Each structure stands twice: as C-alpha cells, then as structure tokens.
Amino acid sequence: MATAATMEKAILPHNPEDAEASEYGGMAKFKKDFRRFRRNKLAVAGLIYIIILFTAAFLADYVAPYHYSTPSPPHALETSTIHHWFGTDELGRDMFSRILYSARNAIIVSFGAVLIGLAVGALVGAISGFYGGILDIVTMRVVDIMFAFPQFLLLVILVAVMGRGLGTMFVAIGITSWAGYARLVRGQILSAKNNDYVEAARCLGSGNGHIIRKYILPNIVGPIIVAVSFGIPAGMMAESAMSLIGMGLRPPMPSWGNLISAGMMEMYGFPHLVLWPAATFGVTLLAFTFVGDGLREMYGKE
Amino acid sequence: MNFLKFLGKRFASIVIALVAVVTITFYLMHAAPGNFMEMEQVREAKAAVDSKGRAAQQQYEKEFKKRYALDKPIYQQVGIFLKNAAVFKFGPSFGNPNVPIETLIASKFSITLQIVTIGLLLALVVGVPMGVIAALKKNTVADYSLMGLSLLGQVIPSFVIAVGLIVLFSVVWGVLPTSGWGMCKHLILPALAIGAAPIATVARFIRSSILETLEQDYIRTAYSKGLPEATVVIGHALRNSLIPLVTVMGPQFSFMLLGSVLVEQVFRIPGLGSMFVSAAQMRDYPMLVTSTLIFAAAIMIINLIVDMLYAVLDPRIKLE
Amino acid sequence: MARNSGDAGAVLEVEGLKVGFRGETGLLKAVDGLDLRLEPGEVLGIVGESGSGKSVSMLSITDLIKKENRDTTGTASFMGRDLVARDLLKMGKEDLGKIRGKDIGFVFQNPMSSLNPTMRIGPQIAEGMLHHGEATRADVKEKVIGLLDKVGIREPAKRYSAYPHELSGGMRQRVMIAMALSCNPKLLIADEPTTALDVTVEKQILELMMQMKDEFGLSIIMITHNLPVALNYCDRILVMYAGKVMETGTALDLVSHPGHPYTKALFSSNLELGKRGTRVEPIKGNIPPLTQLPSGCRFHPRCPMATDKCRNEAPPALPVAGVADHLTHCHYPL
C-alpha cells in the first residue's frame with residue numbers, strides 16, 4: 001500500500017546521510033557528528049572537566065569533605081593544607097566544600113533557568129513560527145519589547161519582586177531569557193518550513209505531524225543545543241552576579257558570587273579566599289565555552 | 001527626506017519601547033510583597049511621626065501616598081511618570097525626598113559614562129593593534145597568545161576580572177586604590193575591568209576582518225601599484241575593516257553600561273549602576289523606574305547612533 | 001609597430017621559468033619551463049585555458065602571488081625605465097616594490113573587486129603616483145584628471161571623486177588602465193582585462209589599450225583565454241597548456257599555419273575562428289589536474305596524432321614551415 005511515507009522515499013532525492021539517519025534513528029548521524037566534536041581538543045577537555053564537575057557536584061554530600069556550613073573556629077583563615085585543600089574562611093568553613101556546593105547551586109540554577117526559558121521560548125516560538133499570521137506578528141512584538149528591557153536590570157527587578165532564594169532565582173533568570181529562545185526557534189522553524197523537502201512532502205499529502213517529526217525537528221535540534229550550551233554559563237554568570245550584589249542566594253547557602261564578594265572583604269590578608277572561587281568559576285566558564293564552540297562546529301555544517 | 005523618515009521611525013519605536021519598559025517596571029514593582037511603609041528610609045521618617053500616635057501615623061501615610069501618587073491606579077501612575085519624564089522631571093525619590101531625582105542622576109550618570117567611555121577608548125586603542133598584530137602574525141606564538149588572552153577576556157565575567165585586577169594592583173602591588181572615587185587613579189581599574197571584554201571582542205573581530213579583507217582583489221591591486229606592506233595593511237585592509245567595527249561597538253557599549261552595575265559594586269563607585277542596585281534593594285520605586293529608563297534609553301540611542309554612523313562611513317549603504 | 005628609439009634590448013626576457021606550489025598532495029607544477037621574449041613596443045599574448053599557468057607565470061615573477069609554499073626558479077630579466085636589465089626573481093621585496101606600479105603597470109580581470117570600494121577612484125590613482133614620486137600633492141589631482149580624460153572618461157573632474165560602485169564596468173576598467181599607466185611604465189601586464197566585460201565594452205577597452213600603447217610607448221603582455229582577441233590585437237602569441245608552452249609565433253603565422261595540434265584544435269573549437277561550413281569540434285578530454293600531469297608531451301592524452309614517442313619524450317622546440325621565429329613544441333610539427 002502506497003502511503004505518503006513510502007511515496008516520499010521513492011520520489012524525493014535521497015541524501016545518503018539522511019537515509020542512514022532514518023534507518024538507524026538519530027544515533028548513526030550523531031556518532032558521525034560527534035567525531036567532529038572530538039577533533040576539537042579544547043572542547044573535549046572542557047567536556048571532561050564538566051562531567052567531573054557534575055558528578056562531584058551531585059554527589060557533593062558524599063564527596064565534600066565537610067558540609068558547607070560547618071564552622072570550625074580554631075581552623076579559621078588557613079591557607080591550603082592537607083585537610084583543607086583550598087583553605088578555610090573566617091568561620092573556619094572548608095573552602096573546597098563551599099566551592100563544590102556553590103558549583104551545585106550554580107548548576108541547579110542555570111539548568112533550571114535554561115529549562116524554563118527554553119520551554120516557554122520554544123513553545124512560543126514554535127507556535128508563532130509554524131502557524132504564522134496575526135499570532136506571529138503579535139508574538140514578535142512582545143518579543144521585541146522583552147528585548148528592549150535590559151536583561152540584567154529585569155532580573156534584578158524580578159528578584160526584588162519575587163524574593164531571594166534558589167527557586168526564585170532560576171525562575172527569574174528563565175523569565176529574562178525566554179525571548180532569545182523564542183526568536184531562535186521561530187527562525188529555525190521558518191527556514192525549515194520553507195525547505196523544498198517540506199513543500200514536496202505536502203504535495204504528497206503528508207500531514208503536519210509527520211512533517212514536523214521528520215523535517216523540522218531534526219533541523220532545529222542542532223542550534224538549540226548550541227544555544228543551551230551557551231545559556232548555561234550565562235545562567236551561572238547571572239546567578240553569581242546577583243549574589244555579588246547581595247540579591248542572590250542567601251547565606252549560608254554558598255554561591256560563587258557570594259564567596260567572591262565575601263572573599264573580597266578579607267582580600268588584603270587572605271587572598272586565597274577570593275582567588276580560589278574566582279579561579280574555579282573562571283575555569284568552569286571556560287570549559288562551557290570550549291564545549292559550546294565544539295558543539296557549534298559539530299552542528300555548524302547543517 | 002529618506003533620512004528624516006528613517007530617524008522618525010526609529011524615534012517612534014524607541015519611545016514605544018521605553019513606554020513599555022516603564023509600564024512593565026511599574027506593574028512589577030507593585031506586585032512586590034511588602035509595603036512601602038516597611039522600607040527603611042520610610043521607616044526612619046515614620047518613626048519620628050510614630051510617637052505622635054495612631055492618627056498621626058495614618059495622616060503621614062496618606063500624605064506619603066499622595067505625594068508619590070501611590071493612591072492612584074497603576075496605569076495613571078505610569079501616565080503621570082511618563083508625562084513628567086518627557087520633560088526630564090522625575091520627581092523625588094523615597095530615600096531622599098528633598099532632592100529631585102534628576103539632579104542626582106546627572107552626577108551619577110556622568111560618573112558611569114566616564115568609566116564606560118574610557119573602557120570604549122581602551123577597546124579601540126588596545127584592541128585594534130592587538131587584532132592587527134595577530135592577523136599579520138597569523139598562526140605564530142604571538143597570534144595564539146593574543147587570541148588566548150582575548151578568550152579569557154571574553155569568557156571571564158567583568159566582576160571576576162575586576163576582583164583579579166584589585167588583587168594584583170592593590171593587594172600585591174599596592175599601586176592603585178581598591179575603591180572610591182574622585183581622582184584619576186580611581187578610574188583606571190574599573191575602566192580596565194569593564195573594558196576587558198570589549199578589548200578582547202574588538203581584537204578578535206579586527207583579526208578576522210583583516211584576514212578576510214587581505215584576501216580581496218583590491219589588495220593585490222594595491223601591491224601592484226608598488227605600495228609597501230605597511231601602507232597596504234593599514235591604508236587599505238585596516239581602513240575597510242574599521243567600518244564594520246562600528247557595528248560591533250554598539251553592543252559593546254550596551255554591554256559595558258550594564259556591566260557597570262556590577263563593577264561599580266565591586267569598586268564602590270557611586271555611579272548610576274550603584275544607584276539602580278540600591279534602589280532595587282531598598283524598594284525605592286521612583287529611583288528604580290528612573291534609572292531603568294535611563295539605562296534602556298541610553299542603550300537604544302547608542303544603537304541608533306551606531307546605525308547612522310555605519311551608513312555615513314560606508315559609501316555603499318543607504319539608510320532605509 | 002612603434003618602437004622606442006634607442007632601445008636595443010628586450011623589455012622582458014624570461015628563461016626556464018618554473019613555478020611550483022608545495023601542497024599536501026605534492027608539488028603542483030603550475031608553470032614548467034617558460035621562455036619568452038618581449039621586444040619594446042610589442043604586444044605579446046599569452047593564450048591558454050584556465051590552469052594553463054598563464055596568469056601564474058606573470059604574477060609570480062612580479063611577486064603578486066603569495067610566497068608561502070611557492071618555489072620559483074629561472075630568470076626573468078626586465079629592463080626598466082633606467083634601461084638597466086635586472087633579474088626580477090633575484091630582487092628583494094623593496095626593489096620589486098619600486099618596479100611595480102612604476103616600471104610595470106597591471107590591469108586585472110575584475111574591475112569591481114579590484115578597486116577599493118570605500119575609496120574614491122581619484123585618490124586611488126593618485127596613491128601610486130605620490131608614492132613613486134610622479135606627482136606632488138599639489139599637482140596630483142590635476143594629473144589624475146588628465147589621465148582620466150586620456151582613457152576616455154567623460155567629465156573627468158567630476159569622476160575624480162566618484163566611488164567605484166558609481167561607475168559602469170567599462171569605466172572601472174578604464175580607471176584601472178589609468179592607474180596602471182599613471183607612472184609611465186614600460187610594460188603593461190593585462191591579466192584577462194576584458195573577460196568580465198560585455199562584448200561591446202570589450203572592444204572599446206582593447207582599442208583603448210592599443211591607443212595607450214602608442215601614446216605611452218608601452219610594451220604589453222596580454223593574458224587571455226580568448227584566442228580571437230589575441231589574434232586581433234597581439235603581435236606575437238604564446239600558447240600554453242598545463243604549464244608548458246605549446247607554440248609561439250606571430251599572430252599571422254598562427255592563423256595561416258598553426259604548428260601544434262593543440263593550437264589547431266583551439267581554432268576548430270572556436271565559433272568565431274572556424275571556417276564557414278565546417279563543424280565546431282570541442283577538444284576531447286579534460287585538462288589534467290596539476291597533480292597528475294601526463295608524461296612526455298603534456299597534450300598527448302587528448303591529441304589525435306599521439307604516438308609512443310609523444311607519450312615518453314617531452315618534445316623540443318621545432319620551427320614550423322622553416323620560419324625561425326615560429327616554434328612549436330611538438331614531435332611532429334604540422
């Protein structure tokens with residue numbers, strides 16, 4: 001029986017890569033693309049660092065030698081020792097553990113923010129791009145207004161409104177970032193929609209669902225992944241910036257921003273309090289940037 | 001005529017955007033939990049009145065609300081604010097009821113502008129030569145180290161760079177002050193901290209732009225005229241690369257303006273950024289709305305100027 | 001054919017020029033043994049298909065092709081305005097810079113991309129003149145306007161301040177010619193000067209170049225793939241294929257008695273040159289890639305007369321029909 005799918009396969013010109021992809025699912029294509037990623041040494045190094053960081057952060061309760069708020073006054077303000085690899089702060093809390101827990105909070109916040117921003121933005125962008133018309137025009141005006149509002153300022157105001165804390169932080173960051181994802185997804189859908197493949201498929205009678213699954217989704221996955229890979233460090237930066245100005249996570253919850261601003265008070269005598277958090281933060285951001293560049297190379301050829 | 005039409009359309013869209021920003025801010029502020037009465041400055045002023053009994057308190061509250069138009073519905077408050085804003089009158093703030101905000105803003109904004117302008121100059125004066133050298137010495141140690149440095153400048157957030165600079169110049173070497181304002185030496189580190197990323201971005205951009213330009217046919221023509229390498233690179237390649245640089249500078253300016261919020265905190269500089277932060281922390285609504293408005297307006301105007309500048313510089317572009 | 005009075009020596013004499021590019025797959029021999037001699041006042045055409053090495057040869061001896069990975073051997077003796085012959089290939093960057101633009105002028109293929117789009121054309125011409133000391137800041141504008149007038153640009157004073165994109169293709173090429181001639185060179189190297197132009201404009205530009213030749217007392221090397229153009233405007237022609245010279249001779253010699261199968265095939269494959277009533281025949285086969293050059297005579301895979309000798313031995317230069325100046329690199333001259 002000739003369904004639209006079989007007719008498509010017969011009539012539309014075959015791209016051997018697509019054939020591979022559709023036969024074995026996304027896996028074969030992914031493996032091929034990943035090889036391109038592997039060629040970028042920096043990206044691979046970044047990925048390894050991130051994996052280690054993630055694992056350590058999630059298992060923080062088991063990995064960290066101390067809890068982040070355990071004070072130990074007799075050991076206050078020590079620099080690196082066997083027991084305290086990164087030293088201790090003014091209350092004797094272990095810096096290594098505090099940094100590890102900061103990493104965990106940063107990951108939670110940034111991932112949550114990206115999830116929210118992407119969910120809202122992708123939905124809005126997809127509907128707007130796919131259905132077009134008045135809905136699209138109105139939505140794009142709203143998006144334009146969101147862009148007119150400086151992102152960081154909006155974040156500060158939102159946190160002032162919603163209060164400080166882990167949960168409000170990632171919701172707030174998500175709210176300031178959805179517009180970017182909306183524009184991206186809409187753009188991808190628009191260009192995929194105008195693809196010749198789609199026109200041909202429609203002529204053969206394929207329905208919307210089929211078109212979305214087969215032609216549109218695979219094409220938009222790449223840019224979205226790249227955007228996410230840059231959105232995560234952006235979220236971390238936003239969170240730490242908020243903590244720096246005292247509107248982020250409440251102490252004793254550690255955040256990279258918190259540690260840096262607290263460390264600055266004791267800078268003259270004990271620079272290790274500010275240097276270790278700053279250095280680890282910087283390295284983490286670099287790692288994400290390298291991975292993002294690698295992903296961009298990987299998906300860039302589309 | 002085309003030019004005026006273009007300008008008119010842009011101004012209209014800027015005004016609409018600013019109105020939207022102000023409206024959103026107003027609605028958000030009123031959604032915040034907590035009463036104005038509970039805010040510190042207000043509390044202090046109130047304390048003086050509190051002792052005089054309940055009736056006096058209520059009277060004070062009523063007068064307070066009336067003065068700041070807080071008793072009116074929100075959309076009316078927005079209207080009043082915008083009407084006054086159009087003539088640059090922003091009213092008094094909660095924290096300092098005796099000083100109209102427009103006076104405060106003038107001095108604070110100029111401070112922020114000083115830092116950002118120096119940052120911009122650094123981006124050009126340091127970034128462009130960096131990019132040129134990296135392009136000419138492509139794929140050598142010089143190129144890799146310059147580009148590596150740029151990567152750090154772009155990825156590391158400005159406040160982390162600020163902290164690093166302070167540790168290096170104040171703590172370790174003790175040549176520059178950690179904080180404060182008033183003299184030349186207070187300008188250097190903040191401008192550097194905020195300008196680091198733009199320097200890096202400019203350097204990378206110039207490098208790739210020059211490399212691309214050097215592939216063009218007219219470069220060969222220039223050499224065929226017998227011109228020396230320096231003339232060709234600077235007079236032809238760099239000259240053509242500088243024009244698109246203008247489009248990069250716009251976003252860099254916005255980036256620095258917003259970054260100043262953080263850098264001013266780190267260096268404890270009394271600029272517009274600090275004003276915004278304290279307004280948010282203390283729920284000083286008039287101050288908050290005004291500073292947001294100024295930031296957004298500054299960004300949009302700079303983008304407009306950049307677009308116009310680009311059209312002027314590139315003889316091939318005509319404004320639509 | 002005008003000759004500069006008192007000049008006895010050749011303007012340009014190239015011997016054994018070889019240009020190779022070191023690539024990942026080996027050495028690409030773009031030019032493999034080129035000899036040419038250009039007399040004063042002569043127009044020499046270098047004709048060939050793309051990849052024949054015609055542009056590479058002239059651009060290499062003047063160092064306009066990137067030096068990285070380029071190996072150039074041979075001699076290229078050029079006599080400049082001071083009437084001293086020097087080997088271009090042995091000259092340093094600075095010295096070559098003094099010759100380019102001043103003793104040798106260049107006209108390139110695509111005038112739109114060959115002119116700096118953000119600079120007005122007047123200053124672009126003036127630049128070279130000021131650098132070589134042909135004019136001072138005070139009189140350069142006047143001289144440039146005079147040049148523009150000479151190359152046939154109307155309203156030259158107004159056009160001085162025009163941008164390249166404001167001019168038509170033909171006008172842009174006239175500007176390039178003005179630029180090339182601005183310092184009174186002895187040699188003009190024109191690399192496909194009319195390929196990017198309309199046919200009607202092409203004739204104007206070629207006529208202009210001939211006119212300038214007489215007025216300035218130039219010698220011209222014209223690089224083109226267009227055989228009819230070469231035959232109409234060049235005194236002598238050099239036919240190149242895959243990096244080697246196939247035949248050299250005067251235009252008349254080539255037309256009346258082509259001595260190489262490749263030249264003959266070029267005639268038969270050209271609409272304009274074929275005899276009425278005969279078929280137009282494209283040359284069978286493809287140009288070999290520079291990494292897989294045929295042994296012996298480079299043309300043998302596509303030559304209808306190829307023998308074993310052609311496959312194994314590179315042919316020497318042999319005279320055609322007894323004319324000493326008409327040489328063909330074929331074992332069996334026609």
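Visitor: How far apart do the C-alpha centres of domain 1 and domain 2 of chain C lie?
Guide: This is a predicted model. The domain assignment of chain C gives domain 1 as 1-103 + 185-297 + 316-334. Domain 2 is 109-182. Their C-alpha centres are separated by 27 Å.

Visitor: Which element gives the most to the side of domain 1 of chain C that touches domain 2 of chain C?
Guide: The contact takes 17 residues from domain 1 of chain C and 13 residues from domain 2 of chain C. On the domain 1 side, β7 and α8 (199-216) of chain C give two or more residues. By class, that side has 11 nonpolar, three polar and three charged residues. The top contributor, with seven residues, is α8(C).

Visitor: In what order do the eight strands of the open sheet in chain C run?
Guide: The pairing in this sheet is mixed. Neighbouring strands are turned by 25° against each other on average, direction ignored. The order is β6-β7-β8-β3-β9-β10-β12-β11.

Visitor: Which strands of chain C stand at the edges of the sheet?
Guide: An edge strand here has a single partner strand, so one side is left without a neighbour in the sheet.

Visitor: Which residue stands opposite E247(C) in β12(C)?
Guide: Strand β10 of chain C covers residues 244-250, and β12 of chain C covers residues 323-328. Two bridges join them, and they run antiparallel. Opposite E247(C) stands T328(C).

Visitor: At about what angle to β8(C) does helix α1 of chain C run?
Guide: Helix α1 of chain C spans residues 54-61. It lies across β3 (43-47), β7 (187-191), β8 (219-224) and β9 (236-241) of chain C. Its angle to β8(C) is about 140°.

Visitor: And at about what angle to β6(C) does helix α7 of chain C run?
Guide: Helix α7 of chain C spans residues 169-181. It lies across β6 and β7 of chain C. Its angle to β6(C) is about 170°.

Visitor: Is α4(C) roughly parallel or roughly perpendicular to α5(C)?
Guide: Take α4 (residues 121-132) and α5 (residues 140-150) of chain C. Their axes come within 10 Å and cross at roughly 115°. Angles of 65 to 115 degrees count as roughly perpendicular. So α4(C) is, relative to α5(C), roughly perpendicular.

Visitor: How many residues of the contact of α4(C) with α5(C) are nonpolar?
Guide: α4(C) passes α5(C) in a right-handed crossing. From α4(C) come G122(C), I125(C), A126(C), M129(C) and L130(C); from α5(C) come V140(C), K141(C), K143(C), V144(C) and L147(C). One residue of the contact is polar and two are charged. The nonpolar residues number seven.

Visitor: Which element of chain B gives the largest share of the side that touches chain C?
Guide: The contact takes 18 residues from chain B and 22 residues from chain C. On the chain B side, α9 (217-224) and α10 (229-267) give two or more residues. That side has six nonpolar, six polar and six charged residues. The largest share, six residues, comes from α9(B).

Visitor: How many charged residues are on the side of chain A that touches chain B?
Guide: Here 30 residues of chain A are in contact with 31 residues of chain B. On the chain A side, α13(A) gives the most, with eight residues. By class, 27 are nonpolar and three are polar.

Technical notes. Residues are numbered from 1 along each chain as its sequence is written. Chains are lettered from A and ligands numbered from 1 in the order in which they are written. This is a predicted model: local features need pLDDT of at least 70, side-chain atom pairs count only at pLDDT 80 or more; totals for chains, interfaces and linings use all residues. Axes are lines fitted to C-alpha atoms, for helices over the stretch in contact, and angles run from 0 to 180 degrees between N-to-C directions. Helices (H or I, at least four residues) and strands (E, at least two) are DSSP runs, numbered from the N terminus. Angles under 35 degrees count as roughly parallel, over 145 as roughly antiparallel, 65 to 115 as roughly perpendicular and the rest as oblique. A crossing is left-handed if the near helix is turned anticlockwise from the far one by less than a right angle, and right-handed if clockwise. Two residues are in contact if their C-beta atoms, placed from the backbone, lie within 7 Å. Ala, Val, Leu, Ile, Met, Phe, Trp, Tyr, Cys and Pro count as nonpolar, Asp, Glu, Lys and Arg as charged, and the others, Gly among them, as polar. Two strands pair if DSSP finds at least two bridges between them. Domain bounds come from an automatic or database domain assignment.
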